[in-house]
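Please keep the sequence beside the structure as you read.

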Amino acid sequence: MHATVPLKMDDIAGSRTQRNVAQTQIELGLSDYDRDNEDEDQILISPSDADRKDHAFKSTMNGPLVDVLHVWTLKRVKNRIFGSIRIVTMQNKINLLLPFGPAAVILAHFLKEEHGWIFFFSLLGITPLAERLGFVTEQLAFFTGPTVGGLLNATFGNATEMIISLYALDNGMIRIVQQSLLGSILSNMLLVLGCAFFMGGVIHHQKEQVFNKAAAVVNSGLLLMAVMGLLFPAVLHFTHTELHVGKSELSLSRFSSCVMLVAYVFYLVFQLKSHRNLYDPVDQTQGENGGVTDEEEVAVITHWEAISWLAILTAWISFLSGYLVNAIEGASQSWNMPVAFISVILLPIVGNAAEHASAIMFAMKDKLDISLGVAIGSSTQIAMFVIPFCVVVGWIMGKSMDLNFQLFETATLFITVIVVAFMLQEGTSNYFKGLMLILCYMIVAASFFVHVDPEHTGHDNN
């Protein structure tokens, strides 16, 4: 009698294991596992029956169940991959422009002299990639938290401009680097912010939208610091007051770039760590529906999928940027259009596609602080990080990249920063402020359309 007790306990344990496996199978939808077991307290079987049942159970585990699990895993992975591709590449109308990327590559190989069409197709092909890069970064931000997510959004939001600039810098096209980065700042501050103010003001015309004035003042101060960094090398050059002709200007630019990078690092600490509460959005007035808020957004792809897409999109943008940059001068001649206009106006519009869409969308949702963070925050990062970073990288490459953007470009930036700072000083916005910013951008665009960049300025060299 005593010998049968351990057997009963072993059988009970095996029965519980079977029940757990069966429950797992049912939850996964893998099989119709039979669970017609009697109550464990009533099970009394012989050792031979226990051995046979254990052998049958192991056969099930090592045979059909393993095959089913393998098939189910492969099917799940396949569905996940195709679902991710569908979400990223097919759920936005702007993705209709994706085929222009491969078309530009084909055109560059078979019709090498058609620089205008190569540039145009590359421009259209990069546009949806820049927008999707912003989307994937936002998805990744769901898993990293607001602090790291904000940094990721700012960094990858300007990834397109940085990639194009580094490629042009490697090819010695210093003026194109300077003008495209300058154009990105002008586009964000005038066009992107102007459209956000205008669309938000039209949708919410019954009230005046508000935003965090303190955060806007900090960004305006950083932009003025960036203008100072660009202004002194230009003034030093055009007043012919260099201590060492041809060297002092470059040395000052490199020193100023290092100072600006240090300032940007402390700005990140200030924004993300020590004074995070300063960047809290202001309380918005409840809507007419009694204060019903928007549904909380959730991620639609996993963090590993987001990281994979970041790598794929960045690589494809880098690849197309080569064709885009190489075709700029040819496109200028084909279209009878100044290189300055292409670099300052056309390239930044493509690079800022993600910021443009996001800023307008959030402004229409009455989330103006986010729109301001996208437009002004992106401009601040380009002015205080990307431009100095390119100077330092050029220093490492042996390129004479400096902060002398020429008087015309520097004056344009200075006036733009002053205008935008005045628009932000009250902490409110409306459609008329947005309209004024858009009209200012049209004046800037027209100015660069009739502006001829001085040739042989000594920048385009190795």
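This is a predicted model: local features need pLDDT of at least 70, side-chain atom pairs count only at pLDDT 80 or more; totals for chains, interfaces and linings use all residues.

Residues are numbered from 1 along each chain as its sequence is written, and side-chain values use heavy atoms, with hydrogens and water left out.

The chain averages a pLDDT of 77. At least 70 is reached by 75% of the residues. Confidence is lowest in helix α1 (residues 4–28), at a mean of 46. It is highest in helix α16 (residues 431–449), at 93. Helices (H or I, at least four residues) and strands (E, at least two) are DSSP runs, numbered from the N terminus. Residues 1–10 also have pLDDT below 50. Beyond near neighbours in sequence, that stretch has seven contacts in the model.

The largest nonpolar core has 101 residues. Such a core is a set of buried Ala, Val, Leu, Ile, Met, Phe, Trp, Tyr and Cys residues joined through side-chain atoms within 4.5 Å. Buried means under 20% relative accessible area, exposed over 50%, and partly exposed in between, with a 1.4 Å probe and protein chains only. Phe119, Leu193 and Leu424 have the most contacts inside this core. Helix α7 supplies the largest share of the core, 15 residues.

Take Leu424. Leaving aside neighbours within four places in sequence, Leu424 contacts Leu193, Phe197 and Phe211, among others. Its partners also include Lys213, Leu372 and Ile376.

Glu426 sits in the loop between α15 (407–424) and β2 (428–429). Why does Glu426 count as exposed? Because its relative accessible area is 53%. Not counting residues up to four places away in sequence, Glu426 touches Lys213 and Lys433. The C-alpha atoms of Glu426 and Lys213 are separated by 6.9 Å, though the two lie 213 residues apart along the chain.

Notes:
pLDDT is the predictor's confidence in each residue, from 0 to 100. Contact means heavy atoms within 4.5 Å.
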